[in-house]
Amino acid sequence: MKRVVIVGMGFGGLEAARALAGKGLDVLVLDRQNYHLFQPLLYQVATATLEAPSIAYPIRSIIRNWPGVRFQMTEVKGVDLDARQVITEEESIPYDYLILAVGSVTNFFGMESVKQSSYDLKRLADATALRNHILTMYERAAQEDDPEKRKALMTFVVVGGGPTGVEFSGALAELARWVLVKDYPELHNERPRIILLEAMDRILAPFSEDLQRYALHRLKKIGVEVRLNTALAGAEPDKVYLKDGTVIPAYTLFWAAGVRAHPLAEALPVPKAKAGRIPVQQDLTIAGYPEVYVIGDLAYFEQDGAPLPMLAPVAMQMGRYAGQAIVKRERGERMRPFRYSDRGTMAVIGRNAAIAEVFGRRFSGFVAWLIWLALHLAMLVGFRNRLLTLINWGYDYLLFERQIRLITRQERERQIEASLEQARSA
Ligand SMILES: Cc1cc2nc3c(=O)[nH]c(=O)nc-3n(C[C@H](O)[C@H](O)[C@H](O)COP(=O)(O)OP(=O)(O)OC[C@H]3O[C@@H](n4cnc5c(N)ncnc54)[C@H](O)[C@@H]3O)c2cc1C
């Protein structure tokens, strides 16, 4: 029986495995974590709306009833394309077909000081670390006598006016404005500052101008300071440096200004495109390696003159295509070239406020917010997760609350706390 190895059980890998299940092939799924993660809602874990387990689902539960699909939790270190072997921490695994779907990592564009002093959102632990940090800053501020330090503790700088930066800023502003204000009577004279920096002259670049204007207006309305044409120069644990020379005293910097292909791509002896992505052919295979499919964020695929964006629906459609293509090849059938069908994009700014461009129509406000809620609920894996998420959203919406505001320390945060202490005593 031929073996298909899928590396990465994110949005792309999951759809590929689904398409291959029960088709008479030995399908081995490898992932460094034992769960599928719904990254678009990471910011809601970071801002105390959702519990971490609500947006993750065990891979073994997903594949339980998928015939022929097996899972192995392991970190893949490389691929020997000529020997057709995946190299993991423990062994080399031979394959007949390979689907590479390891996604992307945060791109700090070489700014080491920013990498050291900021938070990003890519993994579940990043989201809980950021939530812990935000709530810890409030606790510190409540005990701080020095007004300048208190101000810096309550200043939250977000870099990147794309959907992640906008959604996080909006959710943090609402957490501060409606929930933390009730929790911290000691801070009733201190207004938290949420500053969103964007290097371009507009936020949410892929959306139309009227929707961008709406989003900007809503962010300002809930108290987010949006600074356009403003680029970051560097950072320290308690300071943010801008290119124009401004220094913002702040203990929180959230970086949402870019992603690049997973480092696994670098080691492969194939050409790379922008952001380190691997160029793929019309059938999503690598030139010279017809048995190797690259999908999702890792793949560089141009359609109608532009590269496909790093988005979940792109990864899902690519995953489905790669799985079906392998099945057809095994049957001796031909597969049409891959074509992404764009059903739209959306972003949420806050309560009753979102923007959406779906099936060629534009929506903003309450209707867009309802579309966003329904779509995200439908996309979450697992009935329990959908139910928990719905309950949390409903509870928070009705009572202006956020239940998950717990400080549960992680190792990474301890390290950042230690460097904060060092900066303080220096
Ligand atoms: C904060 C955030 C918000 C986002 N919001 C949206 C949104 O609103 N809408 C949208 O469409 N897209 C959004 N995206 C983008 C979307 O999540 C990605 O485009 C999508 O996840 C890409 O799918 P993928 O299958 O390529 O990779 P991923 O879904 O990232 O999956 C990669 C998998 O590979 C595994 N892996 C990585 N390295 C290894 C290794 N060495 N060995 C074994 N396994 C490994 C990982 O554990 C993971 O399971 C967001 C992303 C982030 C980070």
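Guide: Leaving aside residues up to four places away in sequence, Thr 106 touches Asp 120, Lys 122, Trp 255 and Val 259; a contact here requires that the C-beta atoms of two residues, placed from the backbone, lie within 7 Å. This is a predicted model, in which local features need pLDDT of at least 70 and side-chain atom pairs count only at pLDDT 80 or more, while totals for chains, interfaces and linings use all residues. Residue numbers start from 1 along each chain as its sequence is written.

Thr 106 belongs to strand E10, residues 104-106. Strands (E, at least two residues) and helices (H or I, at least four) are DSSP runs, numbered from the N terminus. Thr 106 has 18 C-beta neighbours inside 10 Å and therefore counts as partly exposed. On this scale a residue is buried if 20 or more other C-beta atoms lie within 10 Å of its own, exposed if 12 or fewer, and partly exposed in between, with C-beta atoms placed from the backbone.

The chain as a whole contains twelve helices and 27 strands. Its radius of gyration is 22 Å, which agrees with the value near 22 Å that a compact globule of 426 residues would have; the radius is taken over C-alpha atoms, and the globule rule is 2.2 Å times the number of residues to the power 0.38. The C-alpha trace spans about 70 × 50 × 40 Å along its principal axes. Buried residues make up 44% of the 426. Among contacts with a separation of 6 or more, 66% join residues 24 or more positions apart.

Strand E1 (residues 3-7) is mostly covered, with four of its five residues buried. E1 runs parallel to strand E2 (residues 26-31), to which five bridges join it; strands count as paired if DSSP finds at least two bridges between them. Within this pairing, Leu 30 of E2 is the bridge partner of Val 7.

Helix H7 (residues 163-183) is also mostly covered, 16 of its 21 residues being buried. From first C-alpha to last, H7 reaches 29 Å, close to the 30 Å expected at 1.5 Å a residue; the expected span is 1.5 Å times one less than the number of residues.

Several strands form antiparallel hairpins. E14 (residues 232-236) and E15 (residues 239-242) are antiparallel and joined by four bridges, with Leu 232 opposite Leu 242 and two residues between the strands of the hairpin. E15 pairs in turn with E16 (residues 247-249) over three bridges, again in the antiparallel sense, and Tyr 241 stands opposite Val 247. Four residues separate E15 from E16 in their hairpin, and Gly 245 in the turn has a positive phi of about 95 degrees.

Strand E25 (residues 344-350) has five of its seven residues buried, so it is largely enclosed by the rest of the structure. Six bridges connect E25 with the antiparallel strand E26 (residues 353-358), where Ile 355 stands opposite Ala 347. Two residues lie between E25 and E26 in this hairpin, and one in the turn, Asn 352, has a positive phi of about 60 degrees.

Two loop residues call for comment on backbone geometry. Leu 204, in the loop between strand E12 (193-197) and helix H8 (209-221), has a positive phi near 50 degrees without being a glycine. Leu 204 counts as buried because 22 C-beta neighbours lie inside 10 Å. Asp 304, in the loop between strand E23 (302-303) and strand E24 (306-307), also has a positive phi, about 50 degrees, and is not a glycine. With 8 other C-beta atoms within 10 Å, Asp 304 is exposed.
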